[in-house]
Amino acid sequence: MAQRADFKNITVFYGGRTSRDIMYRAELEKLRGSVDVHLSIDKAEEGWTGYCGFVPAAVMDKDPVPDNAVAITCGPPIMIKFVIQNLNKLGFKDEQIYTTIENKMKCGLGKCGRCNVGKDYVCVKGPVYSWAELKYLPEEY
Ligand code: FES
């Protein structure tokens with residue numbers, strides 16, 4: 001937020017199973033006005049006025065424009081998979097999409113080999129990758 005003026009539109013999609021699962025809800029609500037915040041829960045609850053459904057569907061409904069944009073996604077692997085599929089459907093190129101590999105790590109220094117995917121040590125090269133990079137790693141993550 002300290003560099004907010006350096007960026008044009010920022011959209012945040014954040015989902016939880018229930019409204020009680022949404023962390024930093026007060027902080028996210030405070031961002032409204034300078035950031036387009038979309039909170040969602042999986043199933044309707046009494047009193048919830050936000051989106052009901054999964055994050056990948058919320059992304060499709062909002063239909064973000066890929067021109068001069070970057071998408072960053074993290075969370076459960078199954079959610080990441082479908083968010084990326086939907087971003088591709090919306091016209092985002094693989095180079096515009098970033099995500100994380102959350103492999104178990106031990107040394108964090110590229111020495112033990114605990115975190116490797118193919119020849120990459122995730123603790124050294126990642127854990128953040130573009131989707132374009134990840135597509136060429138073996139599907140071990
Ligand atoms: S955690 Fe040891 S090599 Fe990555």
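Analyst: Let us begin with the sheet, in which three strands stand in the order E1-E2-E3, with parallel pairing, and which is open. Strands here are DSSP runs marked E of at least two residues, helices are runs marked H or I of at least four residues, and both are numbered from the N terminus. This is a predicted model, in which local features need pLDDT of at least 70, side-chain atom pairs count only at pLDDT 80 or more, and totals for chains, interfaces and linings use all residues. Residues are numbered from 1 along each chain as its sequence is written.

User: What makes E1 and E3 edge strands?

Analyst: Each of E1 and E3 pairs on one side only.

User: Which residues of helix H2 are buried, and what makes a residue buried or exposed?

Analyst: A residue is buried if 20 or more other C-beta atoms, placed from the backbone, lie within 10 Å of its own, exposed if 12 or fewer do, and partly exposed in between. In H2 (residues 55-62), the residues Val55, Pro56, Ala58 and Val59 are buried. They cover an arc of only 160 degrees around the axis, taken from the directions from the helix axis to the C-beta atoms, and therefore they lie on the same side of H2.

User: Why is Asp63 called exposed?

Analyst: Asp63 has 9 other C-beta atoms within 10 Å, and because the limit for exposed is 12 or fewer, the word applies. Asp63 follows H2 and sits in the loop between H2 and E4.

User: What is the phi of Asp63, and where else is a positive phi found in a residue other than glycine?

Analyst: Most residues other than glycine have a negative phi. The phi of Asp63 is near 60 degrees, a positive value, and that of Tyr24 is near 55 degrees, also positive. Tyr24 lies in the loop between E1 and helix H1 (25-31), and it counts as exposed because it has 10 C-beta neighbours inside 10 Å.

User: Which residues does a cis peptide bond join?

Analyst: A cis peptide bond joins Gly126 and Pro127, with omega about 5 degrees, and Pro127 lies in the loop between helix H4 (122-125) and strand E8 (128-130).

Terms used. Pairing = 2+ DSSP bridges.
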